[in-house]
Amino acid sequence: MLVGRKYRLAFTPGQVEMAEEFGNICRAVWNTGLEQRREYRRRGAWVGYVQQAREVAEAKVEHSWLKAAPSHILQQTLRDLDKACRRHGTFRVRWKSKQRWQPSFRFPDPRHLSIERLGRKRARVRLPKFGWVTFRWSRSLGGAVKSATVTRDGKHWYVSFLVEDGVKAPAVSLERGRRGVDRGVVTLAATSDGQFLDRSFVSPGEAARYRRLQQQLARTRKGSERRRACRAKMRVIMRRVRDRRQDFHAQSARQIVDGNALVVLEDLNTAAMTAATRGSVAEPGVRVRQKSGLNRAILDKGWHSFELAVRNRARRTGATVRTVNPAHTSTTCPVCGHVHPDNRKSQARFVCTACGHKEHADTVGAKNTLARGHAGHRAWRPRRQPVREAPTSVKPQGINAPTAQVGIPLTSVGGGSPSPSVET
């Protein structure tokens with residue numbers, strides 16, 4: 001199984017300048033290659049990786065600055081561009097802006113990499129053209145290195161090794177359990193068995209300081225040193241928030257996936273759901289401030305990052321993650337199947353207008369999500385993994401999960417807010 005190992009590098013000043021130069025060259029190759037692909041598409045033609053890699057090799061004769069970077073990191077940049085264009089479309093791939101892009105480049109050949117342990121907390125890696133670079137040994141590699149990626153986050157540089165640890169996902173059985181998950185803006189995740197996972201990622205003091213920095217940033221001139229210093233302070237706060245969010249997602253994913261063979265999530269298009277609604281001068285948007293607040297709440301919870309954490313954990317346990325259409329999952333009664341908007345009285349309160357069933361609305365959404373993900377799969381089995389067949393319930397919810405009561409206490413990982421209350 002391929003896993004990642006990330007360490008902080010201790011570059012010398014000369015190595016920092018070299019890394020910045022390599023990053024800028026890779027950014028230029030990406031942007032030039034993307035523009036070339038768009039021009040070809042406008043003429044109804046197509047250019048692929050092989051032709052672009054050959055043209056980059058020919059361009060080194062005329063442009064000496066391309067010779068500074070190793071050839072294989074430029075080739076890897078073109079491979080990443082080719083993969084992005086094939087997956088998302090040529091005109092949907094973004095440019096790499098000099099102001100916003102953090103330098104990053106990959107060494108894909110493990111034969112060019114050498115790693116040595118220097119002590120309990122120190123090690124070093126030999127990178128092409130860099131020589132030996134010391135890094136903090138925070139954990140063991142645990143396998144054979146396949147590639148190395150150097151990135152910058154703020155003022156620190158990191159190296160990420162892709163490692164083959166030789167561990168295979170175990171065979172699982174449907175009898176282990178199944179779980180549906182409902183993602184929200186008040187509570188990050190609610191499961192079909194009545195569990196709630198949530199916490200805040202920014203402290204009140206950090207929020208107040210970040211707001212002051214935003215006000216200070218608005219009074220600075222573009223390109224000035226004060227503006228650059230202000231943005232650096234803002235990145236420090238956001239880096240802490242991002243680290244807390246990723247850590248909580250990993251803990252929550254482990255809690256949700258472990259012990260289950262099937263995990264069902266809603267198929268949410270986060271990018272489209274958080275799109276701006278400002279509109280234009282001729283056609284202004286409607287309720288723009290409310291939509292902006294909703295977008296910030298969705299992005300603060302990190303729905304997409306949470307789904308990635310769940311899928312990553314499922315690789316280790318052998319569980320399968322499925323996504324289903326989220327339409328009407330929170331307004332459908334899990335007992336009688338009645339669908340009506342009035343079933344959901346408030347954000348947290350669900351009362352069926354047909355049978356009178358009462359439950360937390362997020363739990364109802366998780367149960368219906370699980371039912372859609374498991375319905376009609378009597379002999380469902382993970383791909384390339386032997387399992388024992390388990391019968392599927394004929395009930396609408398598709399699982400004999402314990403019935404959650406109104407006002408379920410909130411389960412928090414690593415701290416959080418109190419339980420959401422529900423009126424009876």
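Close-up 1. Phe105 has Val150, in strand 6, as its bridge partner. Strand 6 covers residues 144-153, and its pairing with strand 2 is antiparallel, over four bridges. Strands here are DSSP runs of E with at least two residues, helices are runs of H or I with at least four, and both are numbered from the N terminus. Two strands count as paired if DSSP finds at least two bridges between them. This is a predicted model, so to speak of a local feature we ask for pLDDT of at least 70, and for side-chain atom pairs pLDDT 80 or more, while totals for chains, interfaces and linings take in all residues. Residue numbers start from 1 along each chain as its sequence is written, and side-chain values rest on heavy atoms, with hydrogens and water left out.

**Close-up 2. Strand 11, covered on both faces.** Five of the five residues of strand 11 (residues 262-266) are buried, so the strand is largely enclosed by the rest of the structure. Buried means under 20% relative accessible area, exposed means over 50%, and partly exposed is in between (1.4 Å probe, protein chains only). Leu262, Val264 and Glu266 lie on one side, with Val263 and Leu265 on the other. In a regular strand, side chains alternate between the two faces of the sheet. Strand 8 (residues 178-183) pairs with strand 11 in the parallel sense over three bridges, and Gly180 stands opposite Val264. Strand 12 (residues 320-324) also runs parallel to strand 11, joined by five bridges, with Val263 opposite Val321.

**Close-up 3. Helix 2 and its two faces.** Tyr49, Gln52, Ala53, Val56 and Lys60 are buried. These residues cover an arc of only 100° around the axis, which puts them on the same side of helix 2; the arc is that of the directions from the helix axis to the C-beta atoms. Turned away from that buried side is a face with the exposed residues Val50, Glu58, Val61 and Glu62.

**Close-up 4. A buried aspartate in a loop.** Asp198 is found between strand 10 (196-197) and helix 4 (204-218). With a relative accessible area of 3%, Asp198 is buried. Its side chain makes a polar contact with the side chain of Lys301 at 2.8 Å. A polar contact is a pair of N or O atoms within 3.5 Å; within protein, one must be able to donate a hydrogen and the other to accept it, and residues adjacent in sequence count only if both atoms are side-chain atoms.

**Close-up 5. An exposed alanine in another loop.** Ala276 belongs to the loop between helix 6 (270-273) and helix 7 (288-301). Ala276 is exposed, at a relative accessible area of 53%. Twelve residues separate Ala276 from Val288 in sequence, and their C-alpha atoms are 7.9 Å apart in space.
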